[in-house]
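Work through the exercises below with the model open. Try each task before reading its solution.

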Amino acid sequence: MTLTDRTFWLNYWESKEGLIFKVPNKYPFLPLIRQLATARPTRSALELGGFPGYYSVWMKKHLNTDTTLLDYVVHPKILHDLERANGLPEGSVGVIETDLFQYTPRQGFDLVMSNGLIEHFDDTENIIEKHVESLNPGGTLLVTLPNFRGLNGWFQKTFDPENYAKHNIQSMDLDRLRKAGERLGLKNIQVYYDGRFMLWLEREHEKPLLGRILRKVFWLPLKVFFKLVPVETKAFSPYIVLTATK
């Protein structure tokens, strides 16, 4: 069962500002995507649940990969504006607007990826399997999700419980993700925490004053600490990464 519906995503995108920009090479996970695409031939890529399509647009522009964006809700104008902002003709990225669980792949892809998708579903293994179904044999799987099992999760639960409830916290378990990959027959599985420290609140200006103050209080000293001690941990790392091959 999904923890969100079409109305949620329509409202979410309508509330967002600053969606259109030139995607920088240091955008989260792009160095990893370049590394994965270099390690194995990657002529095609499918981005699941990735609207507005930052990764699809970047891969098309910089890796010359045939990219397709699949999402339940895709606003064509926003995607086309993003393409143009990144020096691509309108329509450079393929689009499949559908419910992923109603989707039957008509072709395979060398890379299937999602960022911030699987944690919105109750059945973690099932949603990962939907990624695997679209992978070519030997293809690469990349799944990233937030880590709400540490300090950032406490902030979400305390100061934005509505957003926190939209996330399956059980999916943010490294061992659970690794075992799901093994049961699905994946190879070369790697699961790890990514990033040293980050705190965020969606639409922060609407959140309680105490939460906004505490975020600023924690931010500077912890940023300085992790610059000096570059470790990635369950308590502080903002993301979790799963990579594997089929």
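Predicted model: local features only at pLDDT ≥ 70, side-chain atom pairs only at ≥ 80, totals over all residues.

**Exercise 1.** Locate His120, and decide whether His120 is buried or exposed.

Solution. 
- Start with the secondary structure. His120 sits in the loop that joins strand 4 (109-115) to helix 5 (124-133).
- Apply the cut-off: buried means under 20% relative accessible area. His120 has 6% relative accessibility, so His120 counts as buried.
- The His120 side chain reaches the backbone oxygen of Lys166 at 2.9 Å.

**Exercise 2.** Find which residues have the most contacts inside the largest nonpolar core.

Solution. 
- The largest nonpolar core holds 31 residues. Leu30, Ile33, Tyr55, Met59 and Leu142 have the most contacts inside it.
- Next, assign elements. Those giving two or more residues to this core include helix 1 (6-15), helix 2 (30-39), strand 4 and strand 7 (239-245).
- Helix 3 gives the most to this core, with 5 residues.
- Now inspect Leu142. Beyond its neighbours within four places in sequence, Leu142 contacts residues including Ile33, Leu36, Leu111, Met113 and Val241.
- A second, separate core has 30 residues, among them Leu48, Ile118, Tyr164 and Leu242.

**Exercise 3.** Classify the exposure of Arg40, then list its contacts outside four places in sequence.

Solution. 
- Arg40 lies in the loop between helix 2 and strand 1 (44-48).
- Its relative accessibility is 32%, so Arg40 counts as partly exposed.
- Leaving aside neighbours within four places in sequence, Arg40 is in contact with Gly138, Thr140, Asn188 and Thr245.
- Check a distance. The C-alpha atoms of Arg40 and Arg178 are separated by 21 Å, with the two residues 138 apart along the chain.

Definitions and conventions:
Residues numbered from 1 in each chain as written. Heavy atoms only, no water. Helix = DSSP H or I, 4+ residues; strand = E, 2+ residues; numbered from the N terminus. Buried < 20%, exposed > 50% of the residue type's maximum accessible area, 1.4 Å probe, protein only. Polar contact = N/O pair within 3.5 Å; in protein donor to acceptor, adjacent residues only side chain to side chain. Core = buried A, V, L, I, M, F, W, Y, C linked by side-chain atoms within 4.5 Å. Contact = heavy atoms within 4.5 Å.
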